[in-house]
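Reader: Please show me the structure, and then let us discuss how its chains meet.

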There are 2 protein chains.
Amino acid sequence: MSETVNRRIVLASRPMGEPQPSDFRLETGLAPEPGDGQVLLRTLWLSLDPYMRGRMSAAKSYAKPVLIDDVMTGGTVNEVVVSRHPAFQAGDIVLGYAGWQDYALSDGSELRKLDPAAAPVSTALGVLGMPGMTAYTGLLTIGQPKPGETLVVAAAAGPVGSAVGQIGKIKGCRVVGIAGGPGKCRYLVDELGFDAAVDHRSPDMAQQLRDICPNGVDIYFENVGGAVWDAVFPLLNDFARVPVCGLVAHYNDTGLPQEPDRTPLLMRAVLAKRLTLRGFIVSDFASQAEMFQLDMSQWVREGRIRYREDVVDGLENAPDAFIGMLKGRNFGKLLVRITP
Amino acid sequence: MSETVNRRIVLASRPMGEPQPSDFRLETGLAPEPGDGQVLLRTLWLSLDPYMRGRMSAAKSYAKPVLIDDVMTGGTVNEVVVSRHPAFQAGDIVLGYAGWQDYALSDGSELRKLDPAAAPVSTALGVLGMPGMTAYTGLLTIGQPKPGETLVVAAAAGPVGSAVGQIGKIKGCRVVGIAGGPGKCRYLVDELGFDAAVDHRSPDMAQQLRDICPNGVDIYFENVGGAVWDAVFPLLNDFARVPVCGLVAHYNDTGLPQEPDRTPLLMRAVLAKRLTLRGFIVSDFASQAEMFQLDMSQWVREGRIRYREDVVDGLENAPDAFIGMLKGRNFGKLLVRITP
């Protein structure tokens, strides 16, 4: 293996605002050699997710930032090519965390074996993986959906949002999705069974949403912030729950909006309407992983949960795909196929 | 009774900003006559509470506003003077909702008989009443205090805050109170057993609080908002809980602060630190009333919960006392003694 070329994409510089192609650098080296107790992994699929924008910044958050010149982190589906670990054999397909590169070593501790016969292995990065579990745990634990309630979900055509909406339907909610563009909105209603969808690019989004939610909003699954939050906020009902899962509209912010500080307005609504705002990341609910796999696999098998993948070919195209995703250019779970 | 004079304080006008004496009007009339199934109540004690500021405004909130020329609402301890209701006798002492007046009728439905031998009847408006139950339910249900955690409580010398802090001590928290002035701060530490207190009037409040909370803040019981919130917010730990009970610093606001909009900052912290912000009012937790009475009565009897009353004599002095309370002039539960 010592002659095998490993390409990797490293963080070249920390973005100011929107990431630029120059913030990434493609490097070429040799694939590492596994030591005792290690496996060498070849990456088949790389997952691109909005949280990675946070890792590019030096700001303190729930995870450590990627260091300059270090390989970008990311969830992956890998094939074990060489194993010096008793639990793995060459040819095993695993869910891992190899990052934006062709090859990586692992001591096996964070790997989970996948059964290619049970489901397409790429779903371990989407509907049956982190995004699906984010939807499942955040909606059920924090959102606490009840039949007849109105659930609004932002970034609804994305991997988290589309699962949130469909689980909401299973739980008996009236589900309204917010997505970018008429194509995504049609998809939500026609293919995923949402009750309605609003295009956040419409100039009258707030009015449309008001018309479509005549009984207000009981659960708002927050993925974006910004103008979408502004449109939903006045519609929140007494005792509404807001799982805060992402704020993609703000990830590229370089400062605060030069408008009057609305913090008191938000806090007064929290009090007067007895709102619950609660942030989470999927690992906070790790104890629900088994229940999630059970429920979600069944729902997918039964066709009650559908999913869509947006596949980009080639590691070298990951930066551009990632930059586009932050602008909503993807349609479905964004995956990079590293090894065809 | 038809010759008995009834004085009442009505809402004369809706305040713009701080309430003024002219927003209230003292009227004199005759006490009403009870019909079948009614009792005539004489007010002994009137409770003054910050939430009443909200009732003076026309803005939609969790309770209907007081109408112009209507008597100000408020919790009261009353003596039954005439009863035409089978469940009550003249001389009974009851907890009621007679408002800012000497006499009122009731059909008995909202009355609760008090036992003057069990505890001073005024405590039914304080530590054993709405403020005490607000502290108990908000702290235990939303705050979920655990031994060793740091609990910060605002308006800590008030009836809610002082109970929050003392219950926090019972639950094993390190308790820091924020109050206005050195006298109140000394009281918190020396008499109520708080671990520390910070005077929010100090110019370096935020720095003092940071020094006093070296391990951050796990629970912030929010009663005030404004500068106190600004000081606590950056100290909140991952998974911190914020029961939002009151925002007295904002009740007189007439507009938004002319500073950059910090809503994104708040939402990003909710996400990155997985904060829980949840507003509540005590009636949301009505099902806990029995447990509260049991626990709190025992803690008061055992001397583990102490309380302080700030008594003003005479209905005519209620407006001034109320206006002062919104500025933090009271020290302890503010009560108006109507009938000596």
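Reader: Which residue of chain A does the side chain of B:Arg274 meet in a salt bridge?

Author: This is a predicted model, in which local features need pLDDT of at least 70 and side-chain atom pairs count only at pLDDT 80 or more, while totals for chains, interfaces and linings use all residues. Residues are numbered from 1 along each chain as written, chains are lettered from A in the order written, and side-chain values use heavy atoms without hydrogens or water. A salt bridge here is a side-chain nitrogen of Lys or Arg within 4 Å of a carboxyl oxygen of Asp or Glu. At 2.8 Å, N to O, the partner of B:Arg274 is A:Asp284.

Reader: How many salt bridges are there between chain B and chain A?

Author: The pair of B:Arg274 and A:Asp284 is a salt bridge between side chains. Between chain B and chain A, the count of salt bridges is four.

Reader: How much area do chain B and chain A bury between them?

Author: Buried area is the accessible area (1.4 Å probe) that two parts lose on being put together, summed over both. Carbon and sulfur atoms carry 67% of it. The area that the two chains bury between them is about 3500 Å².

Reader: How many residues does the contact take from chain A?

Author: Contact means heavy atoms within 4.5 Å. Chain B gives 37 residues to it, and from chain A the contact takes 37 residues.
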